[in-house]
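Subject: Handover of a structure and notes on it

Dear colleague,

Please find the sequence and the structure below.

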Amino acid sequence: MECPRCSSDVPEVSHFCHRCGNDMQSGDAQRKKAYAARPDEPVASFKLVSTIMPQGAGRQPYTYKVALGVALLLTVVTAALGALPVAIMVAAFAIPIVYILYLYDVNLWEDEPVPVVAAAFVLTGVLAAVFTWIWSDKIGLSTDTIGSNPAGPAGRDLLILMLLVPVVSELIRQIGPIYLASRPRYDDLMDGFTFGVVAGVGYACFETLVLHWGWISGGFAGPGSSAGTWISVVLLQGFVKPLIYGSATGLAVAEFSGLGEKYDGFTPRWAAGLIQAMVVNALFQGGVYLLGFVGGHGSTLGAILGVVWGLLLLGALIILVRTVLHKGLLEAALESAARGGSNHASGELAFCSRCEMPLLPNSDFCSACGNSVRSLPKSERGVAMQGSAPTAGFDAITGETQA
């Protein structure tokens, strides 16, 4: 039979078109109930791992879930006991360490993991530390982000947190990822998104260290009535903030990369993504600052509401990220189908990394489960390409050969 979306010949028993990923049984061309990187999940869901770690979601998502869960538990326990230096350090480095381990685990960029991670993480982190020190220490706020000033919020503080910090910090987070995404080897949508996430979590890590250096150097505080505030702050700064920063920056850099061969560059779509990231950051910073005054001076209620506000923003970002990546994988596969299909699965012994069913030649999707072959980790790519000669500079997402 013929796929109505890409006009490819598809076997009668296929559930999905192996070229463009179209659902042949339901007729839902947009596949709203089958996320391209994890088809057993709907696109509109709050699945964190398969959203920010799409190339590891198909085989071992529980590895990353357990790692994040252990870090979260350790942070809460140490904060509750008053071990603030330990709690802040664990919170600051938890997400970056787990994400970097994910990059190594899936061997995302084969023989160049060190310079890639260093450019996107360390460079961004150093710039983040310098800028955070400037606006928090040299310029300074009249209060902190959890409302320690009983006089209430100040207009000057709001200008700093909702204009200066979001604009400059987002521009800093774009530097490393855009440089890497402009290189021919890393110019596809998924690479751009991943670079953005790395930069975002790296920025959040160093920003947290600078903002809360007083707590880190203050030593053991001991359990007390402020435990609820401490727990809320470390959860917000160590877990919610890096995911917001990473997701927002990742979306902007993904627009810079675009679809198909070569990166799109500084297009109106990238500009819109950049402004969107700045707005998200402004809403996060301003909301946390204002909510910190709820309940009075130093109120735990205000700190808890800040966490809730951050989670609401993060939830909206997760849905947006999944939508963009899902559409990107489908559209890239459709472009590939117009050129005769991908060479991801051109060998005789190629199998789906998720359901282990045989893949048809030149597949971009598994015809049985609908998993995107383009989301296959490079560490497993040899399985999907057995029987085919390796090509120089082969791009896992776009299915194109680059010099």
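This is a predicted model: local features need pLDDT of at least 70, side-chain atom pairs count only at pLDDT 80 or more; totals for chains, interfaces and linings use all residues.

Where is the place of Gly 152 in the chain? Gly 152 is in the loop between α4 (113–140) and α5. Helices (H or I, at least four residues) and strands (E, at least two) are DSSP runs, numbered from the N terminus.

Residues are numbered from 1 along each chain as its sequence is written, and side-chain values use heavy atoms, with hydrogens and water left out.

The chain as a whole

The chain contains 11 helices and zero strands. Of its 403 residues, 56% count as buried; buried means under 20% relative accessible area, exposed over 50%, and partly exposed in between (1.4 Å probe, protein chains only). Among the contacts in the chain with a separation of 6 or more, 69% are accounted for by residues 24 or more positions apart. A contact means heavy atoms within 4.5 Å.

The UniProt record, an unreviewed entry, lists residues 86–104, 116–135, 193–215, 227–253, 274–295 and 301–321 under "transmembrane region". UniProt positions are given in the numbering used here, feature names are shortened, and annotations may be inferred rather than shown by experiment. In the model, residues 193–215 are 96% helix and 0% strand, and the end C-alpha atoms of this span are 33 Å apart. Residues 274–295 are 82% helix and 0% strand, with 35 Å between the end C-alpha atoms.

The nonpolar cores

A nonpolar core is a set of buried Ala, Val, Leu, Ile, Met, Phe, Trp, Tyr and Cys residues joined through side-chain atoms within 4.5 Å. The largest one has 85 residues, and those with the most contacts inside it are Met 53, Tyr 99, Phe 239, Ile 244, Phe 284 and Leu 325. Helix α8 (residues 227–257) supplies the largest share of this core, 16 residues. Another core, of seven residues, lies apart from it and includes Cys 3, Cys 17, Cys 20 and Met 24.

Which residues does Met 53 contact, leaving aside its neighbours within four places in sequence? They are Leu 48, Tyr 64, Val 98, Tyr 99 and Tyr 102.

A pair of packed helices

Two packed helices are described by the angle between their axes and the distance between the axes. Helix α6 (residues 189–211) and helix α10 (residues 300–338) pack at an angle of about 155 degrees, and their axes are 10 Å apart. This angle makes α6 roughly antiparallel to α10. Axes are lines fitted to C-alpha atoms, for helices over the stretch in contact, and angles run from 0 to 180 degrees between N-to-C directions. Angles under 35 degrees count as roughly parallel, over 145 as roughly antiparallel, 65 to 115 as roughly perpendicular and the rest as oblique.

On the α6 side, the contact is made by Leu 189, Met 190 and Phe 193; on the α10 side, by Val 321, Val 324, Leu 325, Gly 328 and Leu 329.

Individual residues

Gly 152, with which these notes began, counts as buried at 15% relative accessibility. Not counting residues up to four places away in sequence, Gly 152 touches Tyr 289 and Phe 293. Gly 152 and Phe 293 are 141 residues apart in sequence, yet 6.5 Å apart in space, C-alpha to C-alpha.

Gly 176 is found in helix α5 (residues 155–181) and is buried, with a relative accessible area of 4%. Between Gly 176 and Thr 124 there are 52 residues in sequence and 6.8 Å in space, C-alpha to C-alpha.

Ile 95 belongs to helix α3 (residues 84–105) and counts as buried at 4% relative accessibility. With residues up to four places away in sequence not counted, Ile 95 touches Leu 68, Val 201, Gly 238, Phe 239, Pro 242 and Leu 243.

Is Arg 31 buried or exposed? Arg 31 counts as buried, at 1% relative accessibility. Arg 31 is in the segment before α1, and its phi is near 50 degrees, a positive value in a residue other than glycine. Ser 7 is found in the segment before α1 (48–52) and has a positive phi of about 65 degrees although it is not a glycine. At 47% relative accessibility, Ser 7 counts as partly exposed.

Yours sincerely
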